[in-house]
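Let's take a look around the inside of a protein and the molecule it holds. Here it is, ready for you to explore.

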Amino acid sequence: MDIRVMKPSDIPHVQQANITNLPENYFCKYYLYHALTWPQLSYVAVDVSRPPKTPYDPPKIVGYVLAKMEEEPSDGIPHGHITSLSVMRTHRRLGLAEKLMRQSQRAMAETYGAKYVSLHVRVSNTAALHLYRDTLGFNMDKIEAKYYADGEDANCMRMELSHLR
Ligand code: ACO
């Protein structure tokens, strides 16, 4: 498995993975905005076990993290934000999400001077909560009521990045 920076040409495949794995979906231009504005922050996991037969074969993207810097932080502190993370069912529990997150967090701190990283996650999303809290070390910040379109609450989580600078 290869973990590398997301390129604009990956976007249709990342969008497909996002639609398959999550109900929160985005227009193509939003992915492109991430890739062009903060090119070091979004990563893809590519299955390289079967090499492309022709130069035109699309990469087999099995996971991604889409991330950005908060453009107008309300607290005035430069920080990153995880817009979306997912791994295809066939490739879960292999440590890919953890690697994608760590790569992005490191780039936030090293390239953009981010002091912390934030994210929203559904209160019912046990797998992601375990990943963020137990594996990566995020803390609960607050609950945002009815954050999602279907009325579910979000856990707002954050993690300090000072140890990465
Ligand atoms: N149950 C409990 N803990 C889990 C689970 C699970 N099903 N999956 C992962 N974890 C935790 C464990 O602590 C695990 O460590 P361990 O394997 O040593 O026990 C740790 O996370 C790391 O697991 P990874 O293998 O790196 O995680 P994976 O690559 O399987 O991806 C993810 C986890 C992204 C949550 C995946 O299940 C997924 O894509 N789910 C659907 C989409 C989703 O919920 N995305 C997050 C939404 S929030 C947002 O986008 C900001």
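A polar contact is a pair of N or O atoms within 3.5 Å. Keep that cut-off handy, and remember that this model is predicted.

Start with T135: one of its polar side-chain atoms sits 3.1 Å from an oxygen atom of the ligand. A polar backbone atom of L85 is 2.8 Å from a ligand nitrogen atom, and a polar backbone atom of A97 is 3.1 Å from a ligand oxygen atom.

How much of the ligand does the protein bury? On its own, the ligand exposes 980 Å², and the protein buries 78% of that.

## Who surrounds it

There are 23 residues around the ligand. Those that come nearest are L85, V87, R93, G95 and N125.

## The nonpolar cores

In soluble globular proteins, nonpolar side chains tend to be buried together. Here, the largest nonpolar core has 33 residues. The members touching the most others are I82, L85, M101, M108, Y132 and F138.

Helix α3 gives the most, with seven residues.

Apart from this core lies another one, of eleven residues, with M6, V44, V46 and L66 among them.

## A look at M108

Setting aside residues up to four places away in sequence, M108 touches a list of residues including L41, A67, I82, V117 and L161.

Notes. Residues numbered from 1 in each chain as written. Predicted model: local features only at pLDDT ≥ 70, side-chain atom pairs only at ≥ 80, totals over all residues. Heavy atoms only, no water. Core = buried A, V, L, I, M, F, W, Y, C linked by side-chain atoms within 4.5 Å. Buried < 20%, exposed > 50% of the residue type's maximum accessible area, 1.4 Å probe, protein only. Helix = DSSP H or I, 4+ residues; strand = E, 2+ residues; numbered from the N terminus. Contact = heavy atoms within 4.5 Å. Near = heavy atom within 4 Å. Polar contact = N/O pair within 3.5 Å; in protein donor to acceptor, adjacent residues only side chain to side chain. Areas by Shrake-Rupley, 256 points an atom, 1.4 Å probe, with all protein chains shown as cover.
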